[in-house]
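Subject: Structure for you to look at

Dear colleague,

Here is the structure that I promised to hand over, and below it I have set out what was found in it. Please keep it open while you read.

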Amino acid sequence: MNIVSANRRHLDEIAAIENSTFSDPWSMETLRRELENPISLFLVCEKENGEVAGYISAETVVGEMYIGNLAVRQDCRRQGIGSLLLQEMVREAKKMRCEFVTLEVRVSNTPARNLYERFGFSCLGERRDYYAHPQENAAIYTRYLNEEET
Ligand SMILES: CC(C)(COP(=O)(O)OP(=O)(O)OC[C@H]1O[C@@H](n2cnc3c(N)ncnc32)[C@H](O)[C@@H]1OP(=O)(O)O)[C@@H](O)C(=O)NCCC(=O)NCCS
């Protein structure tokens with residue numbers, strides 16, 4: 001497995017994973033904008049054969065990192081890829097001296113919530129009806145980096 005920066009060559013596979021994973025997937029246009037966004041970091045986990053196994057993207061604004069997307073291809077889950085991607089993003093946040101990393105997740109999304117909790121994120125509250133299709137609250141997870149070693 002190899003973590004690399006996302007590029008145009010990855011977009012078709014990322015879009016396919018989006019469509020098979022989320023009820024409100026990012027469109028190809030949104031994915032392209034994310035690639036070109038200067039404040040975004042968009043990472044891909046490639047398999048040995050070059051296929052996309054998963055990806056994560058985050059925006060950083062004034063020392064605050066917001067993870068906007070994380071997904072692992074269905075047949076590649078439970079092999080540590082989500083952990084690898086999250087670990088790499090937190091490492092980047094530390095390099096940029098971010099104060100914290102934060103994200104929203106559906107309250108019913110137990111796999112993702114377990115992953116974030118394993119990585120030292122704490123649930124600091126909920127946003128009511130944050131998601132549509134189906135309507136659901138978001139849990140807000142945050143990990144403060146200030147007191148951690150870089
Ligand atoms: C959440 C997701 C990214 C996890 O990726 P992954 O590569 O399977 O995760 P890992 O193999 O690194 O698992 C790390 C830990 O997360 C938790 N976890 C992962 N999948 C889980 C599941 N199906 N049920 C319960 N806990 C789970 C476990 O604590 C796991 O550790 P363990 O395997 O030692 O028990 C993946 O399930 C996914 O793409 N889900 C759909 C998209 C999504 O929900 N994205 C997050 C939106 S905020």
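**Salt bridges**

The side chains of E29 and R32 meet in a salt bridge, at 3.6 Å from N to O, where a salt bridge is a side-chain nitrogen of Lys or Arg within 4 Å of a carboxyl oxygen of Asp or Glu. Both E29 and R32 lie in helix α2, three residues apart, which is about one turn of the helix; helices (H or I, at least four residues) and strands (E, at least two) are DSSP runs, numbered from the N terminus. An α-helix has 3.6 residues a turn, so residues three or four places apart point the same way. E29 counts as partly exposed at 43% relative accessibility, and R32 counts as partly exposed at 30%; here buried means under 20% relative accessible area, exposed over 50%, and partly exposed in between, with a 1.4 Å probe and protein chains only.

Before going further, please note that this is a predicted model, in which local features need pLDDT of at least 70 and side-chain atom pairs count only at pLDDT 80 or more, while totals for chains, interfaces and linings use all residues. Residues are numbered from 1 along each chain as its sequence is written, and side-chain values use heavy atoms, with hydrogens and water left out.

By the salt-bridge rule given above, the count comes to 10 salt bridges. In one of them E46 is paired with R9, and the closest N and O atoms are 3.2 Å apart. Because E46 lies in strand β2 and R9 in the loop between β1 (2-5) and α1, this pair ties together parts that are 37 residues apart in sequence.

K95 is exposed, with a relative accessible area of 59%, while E92 is buried, with a relative accessible area of 18%. Elsewhere, salt bridges that share partners join K47, E51, R73 and D75 into one network.

Which residues of helix α1 (residues 11-21) are buried? They are L11, I14, A15, I17 and E18. These residues cover an arc of only 160° around the axis, which puts them on the same side of α1; the arc is that of the directions from the helix axis to the C-beta atoms. The face turned away from the buried side of α1 carries the exposed residues D12, N19 and S20. What covers the buried residues of α1 includes α2 (28-36), β2 (40-46), β3 (52-61) and β4 (64-72).

Helix α3 (residues 81-95) has 15 residues and reaches 21 Å from its first C-alpha to its last, close to the 21 Å expected at 1.5 Å a residue, the expected span being 1.5 Å times one less than the number of residues. Its buried residues include I81, L85, L86, M89 and V90. After α3 comes R97, whose phi is positive, near 60°.

**Surface and loops**

On the surface, I39, V61, V62 and Y66 form a nonpolar patch, with about 370 Å² of accessible area together. Patches are made of residues with over 30% relative accessible area and no salt bridge, like charges being joined within 9 Å and nonpolar side chains (Val, Leu, Ile, Met, Phe, Trp, Tyr) within 5 Å. Accessible areas come from the Shrake-Rupley method with a 1.4 Å probe, and for residues only the protein chains shown count as cover. V62 lies in the loop between β3 and β4 and is exposed, with a relative accessible area of 76%.

A132 is found in the loop between β6 (122-131) and β7 (136-144), and at 36% relative accessibility A132 counts as partly exposed. Leaving aside its neighbours within four places in sequence, A132 is in contact (heavy atoms within 4.5 Å) with S23, D24 and R106.

Finally, I3 lies in strand β1 and is partly exposed, with a relative accessible area of 26%. Apart from its neighbours within four places in sequence, I3 is in contact with L43, V44, C45, L84, L85 and E88.
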